[in-house]
Amino acid sequence: MKILIVGTGYVGTTTGLIFCEMGHQVTGLDLDTHKLKALKAGKLYFYEPGLEELLSRHVAAKNIFFTKNTKKAVKENDIIFICVGTPKEADGSANLTYVKNVAESIGKYMNKSKIIVTKSTVPVGTAELVEKWVAGKQTAPIPFDVVSNPEFLREGTALQDALNPDRIIIGATSEEARNVMKELYQDFHCPIVATNPKASEMIKYAANSFLAMKISFINELARLCDDLNINVNDVSKGIGLDQRIGPQFLHAGMGFGGSCFPKDVNALIQTAKEQGQPLSILERVVKVNEEQPLYFIEKIKQALGGKLENKTIAVLGLSFKANTDDTRESPSLILIERLLAEQVVVKVHDPIVKLGSAYQYHTIEETVSGADAVVLGTDWDDYKNLDWANLKLTMKQPFIFDGRNMLDKENIVALGFHYLGVANH
Ligand code: UGA
């Protein structure tokens, strides 16, 4: 099948390459010339482990090619995946401008029947809007289907996630479109949930919101554990072994970040408000998440004698989680901003992210040297097994604040550090 992917971000590029792997011919459409230039050369313009290798292989084999010619791309392909961004509006709702532009272009240039698939995370009811936007620009009444097929891949593990999904959701109104989609995914060995577009759109928001809720649950519980001197990691393990709960997304820390959870939970809250059916539980999830970095900073402040002013603090990690260069809504950046506001001398390091700022250092050693404290802001493997004994010798004071509960507390304490995690007692 000839597949067009519109939007070449994490989701679009990964999806396109997965379909190449399945033997399809793929076109990637994007209007950004810089991105296209890189992709055409088989180079990723963002960091995602393993993906560039696949890209260069399929570019060389001519299984995928990239263009900005919308008209030609729409005409030549049968299935069109919309993978453009849906950024957060000021009120928390999703901005559908890019989706609308794509839908209208498809309508304008459509020459034969197409299946239009929304893979971007879009609010409930968007498939109906897409249908309207496409039809509104058609010059002749050519039939088409709009299908919702949300993506569940994570940044940092995009390739494995997309190749081995837990499930595939197909929200279609016609039997014909549903069958084409099933055929497209025939080589994936996982359950397929066939439903209507609205339910499919809701599944995506519900999944992200539920995972975010698990994180906020354990983070708020961690604060109580802190007061009661309980190790929250043991609690996560103890409840996670209950198969009805599951061990994942119960890792306490400074809160969730990234381009998805904060945006999607807010968008679902907004949808619920519009319906007059508030999702108060999710409103609390957002609140707990906003409080979490501030809670951790307060702990740091107390440990450092109640005053942060003029202290030198080394922050290790800038991205919102390990294995990505994405810093959107990163808890680490929220922490840094706050520390700077408290007149702290901040020094930062990240293995991949380059802030281009004067206070970022090339090596961990340079960053930590002279610091009163080290804060672990991102759970990069690079920070797990550092030579803390030697690093300690270069520090002004031996404080480690583990915002990701990633270090072995006993080892660190044995080296003479004052260690503080998120209820990591
Ligand atoms: C998330 C979902 O996990 C994907 O299934 C979904 O496809 C994606 O959003 C999306 O909608 O596009 P992602 O944002 O890449 O993926 O990252 P996650 O691995 O889910 O982590 C999100 C945040 O939660 C990170 O800041 C991470 O550090 C934090 N987290 C995660 C915790 O604080 N504790 C945990 O136990 C797990």
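Reply: What follows is a set of questions and answers about this model.

Reply: This is a predicted model, in which local features need pLDDT of at least 70 and side-chain atom pairs count only at pLDDT 80 or more, while totals for chains, interfaces and linings use all residues. Residues are numbered from 1 along each chain as its sequence is written, and side-chain values use heavy atoms, with hydrogens and water left out.

Me: What does the side chain of Asn405 reach, and at what distance?

Reply: The side chain of Asn405 comes to 2.7 Å from the backbone nitrogen of Val422. A polar contact is a pair of N or O atoms within 3.5 Å, where within protein one must be able to donate a hydrogen and the other to accept it, and residues adjacent in sequence count only if both atoms are side-chain atoms. With residues up to four places away in sequence left out, Asn405 touches several others, among them His251, Tyr419 and Val422, contact meaning heavy atoms within 4.5 Å.

Me: What makes Glu201 buried or exposed?

Reply: Glu201 has 3% relative accessibility, and therefore counts as buried. Glu201 belongs to helix H9 (residues 197-228), and a polar atom of the Glu201 side chain lies 2.6 Å from the backbone nitrogen of Gly125. Apart from neighbours within four places in sequence, the residues in contact with Glu201 include Val122, Pro123 and Ser148.

Me: Why are Asn229 and Phe249 put into classes of their own accessibility, and which classes are they?

Reply: Asn229 has a relative accessible area of 58%, so Asn229 is exposed. Phe249, at 27% relative accessibility, therefore counts as partly exposed. Asn229 lies in the loop between H9 and helix H10 (232-240), and Phe249 in the loop between H10 and helix H11 (261-274). Asn229 has a positive phi of about 60 degrees although it is not a glycine, and Phe249 likewise has a positive phi of about 60 degrees without being a glycine.

Me: What makes strand E2 enclosed or open?

Reply: Strand E2 (residues 25-29) has 4 of its 5 residues buried, so the rest of the structure largely encloses it.

Me: How do you know that E2 pairs with other strands, and which are they?

Reply: Two strands pair if DSSP finds at least two bridges between them. Strand E1 (residues 2-6) and E2 are joined in the parallel sense over 5 bridges, with Val26 in E2 as the bridge partner of Ile3. E2 also pairs in the parallel sense with strand E3 (residues 64-67), over 4 bridges, and there the bridge partner of Val26 is Ile64.

Me: What is the hand of the unit made by E1, helix H1 and E2?

Reply: E1, helix H1 (residues 10-21) and E2 form a right-handed β-α-β unit. A crossover is right-handed if, with the strands pointing away from the viewer, the path from the first strand over the helix to the second runs clockwise. E9, helix H13 (residues 331-341) and E10 also make a right-handed β-α-β unit.

Me: How do you know whether strand E9 is covered on its faces?

Reply: In strand E9 (residues 312-316), 5 of its 5 residues are buried. Thr312, Ala314 and Leu316 lie on one side, with Ile313 and Val315 on the other, and they are all buried, which leaves both faces covered. E9 pairs with strand E10 (residues 345-349) in the parallel sense over 5 bridges.

Me: What is the area buried between domain 1 and domain 2?

Reply: The protein chain is divided into domain 1 (2-195) and domain 2 (210-420), with bounds that come from an automatic or database domain assignment. The area buried between domain 1 and domain 2 is about 1,300 Å², where buried area is the accessible area (1.4 Å probe) that two parts lose on being put together, summed over both.

How values were computed: Buried < 20%, exposed > 50% of the residue type's maximum accessible area, 1.4 Å probe, protein only. Helix = DSSP H or I, 4+ residues; strand = E, 2+ residues; numbered from the N terminus.
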